Amino acid sequence: MSESVTEMPPKEIMKYLERALVYGWYYGLERSDFPPWAAAYVTLEEIGDFTDHYERFGNKENFIDFLSRLSGIDYDTFKEMWNKLSEKQRAKVIDVATYNTALIGLKHLFEWISYELSDEKYREARAKVLQAAKDYLNGKIDEIDLMDKIAEVLWPTEKDREESGYDYDDFMKAEALVDEYIGREDFKEYVKKYIIKGLEKQK
């Protein structure tokens, strides 16, 4: 790692680490056992466990080790950069990185839903998901209601859920991701961009 990286002012270090954590996570997905939406939730829960245990954003060695591996930055360099930040700045780095990770997971989930329902035989299912999405945008249901309705379309019976492999469980992780990490306005924009536009192309 270039020496100049560790010599950057704190605000630049913050931006650098925010990007590195998200990109490191994203490029590590090929080694993950989970799809992006579930992987995002699992990773953010791990970060949450660390930050809760260490009273938010301290410099405990194993937390730094976790973040350095996630970012792809070597431990010593990451630690030097991290130690130049105040607790408030560290909190901002984590908050930005976790939020952007959650948004990437959500984007991939909605694209997957659109792809899964693209076959002509799923015309009725597409219509149900589209209607649920429009109901959400019109304020008739909330975010979790919409996620539940999508799950009901994809796996309408208990048998469907049991036979889905890990798909249903991974979807439930995505629902938790939405509930705990995604802001309402961004969720609305993603519904419009990836659910409604994606499914309306296939009518």
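Predicted model: local features only at pLDDT ≥ 70, side-chain atom pairs only at ≥ 80, totals over all residues.
Reader: Which residues of helix 2 are buried?

Author: A residue is called buried when its relative accessible area is under 20%. In helix 2 that applies to Ile13, Met14, Leu17, Glu18, Ala20, Leu21, Val22, Gly24 and Trp25.

Reader: How many helices and strands does the chain have, and what pattern does it follow?

Author: The chain has 11 helices and zero strands, so that reading along the sequence gives the pattern α-α-α-α-α-α-α-α-α-α-α. Taken along the principal axes, the C-alpha atoms fill a box of roughly 55 × 35 × 30 Å, and 47% of the 203 residues of the chain count as buried.

Reader: What share of the contacts joins residues at least 24 apart?

Author: One sets aside pairs that are neighbours in sequence and then looks at the separation of the rest. Among contacts between residues at least 6 apart in sequence, 71% join residues at least 24 apart.

Reader: How many cavities of 30 Å³ or more does the structure hold, and which residues line the largest cavity?

Author: A cavity is a space where a 1.4 Å probe fits but cannot get out. The structure holds one cavity of 30 Å³ or more, and about 60 Å³ of space lies in the largest cavity. Its lining is made up of Leu21, Val22, Trp25, Thr43, Leu44, Ile47, Leu70, Ile94, Ala97, Thr98 and Thr101; of these lining residues, Leu21, Val22 and Trp25 are also among the buried residues of helix 2.

Reader: Which helices each supply at least two residues of that lining, and what classes of residue does the lining contain?

Author: Helix 2 (10-27), helix 3 (36-53) and helix 6 (87-116) each supply at least two residues, with the largest share, four residues, coming from helix 6. Sorted by class, the lining has eight nonpolar residues, three polar residues and no charged ones.

Reader: How does the length of helix 8 compare with the span it should have, and where around the axis do its buried residues fall?

Author: The same kind of comparison can be made here: the 12 residues of helix 8 (residues 143-154) should span 16 Å at 1.5 Å a residue, and the end C-alpha atoms are 17 Å apart, which agrees. The buried residues of helix 8 are Glu143, Leu146, Met147, Ile150, Ala151, Val153 and Leu154. Seen down the axis of helix 8, these buried residues fall within an arc of 160°, so they line one face of the helix. What covers them includes helix 6, helix 7 (123-137), helix 10 (167-181) and helix 11 (184-200).

Reader: Are lysine 159 and glycine 165 exposed or partly exposed?

Author: Lysine 159, found in helix 9, is exposed, with a relative accessible area of 52%. Glycine 165, in the loop between helix 9 (158-162) and helix 10, counts as partly exposed at 48% relative accessibility.

Reader: How far apart in space are aspartate 95 and leucine 146?

Author: Distance along the chain and distance in space are read separately. Aspartate 95, which is found in helix 6, and leucine 146 are 51 residues apart in sequence and 25 Å apart in space, C-alpha to C-alpha. With 37% relative accessibility, aspartate 95 counts as partly exposed.

Conventions
Residues numbered from 1 in each chain as written. Heavy atoms only, no water. 1 Å grid on protein atoms, 1.4 Å probe; cavity = no way out; pocket = protein on both sides within 12 Å on 5 of 7 lines; lining within 4 Å. Points joined across faces, edges and corners; volume = space filled by probe spheres on them. Nonpolar A, V, L, I, M, F, W, Y, C, P; charged D, E, K, R; others polar. Expected span 1.5 Å × (residues − 1). Buried < 20%, exposed > 50% of the residue type's maximum accessible area, 1.4 Å probe, protein only. Arc of directions from axis to C-beta. Contact = heavy atoms within 4.5 Å.
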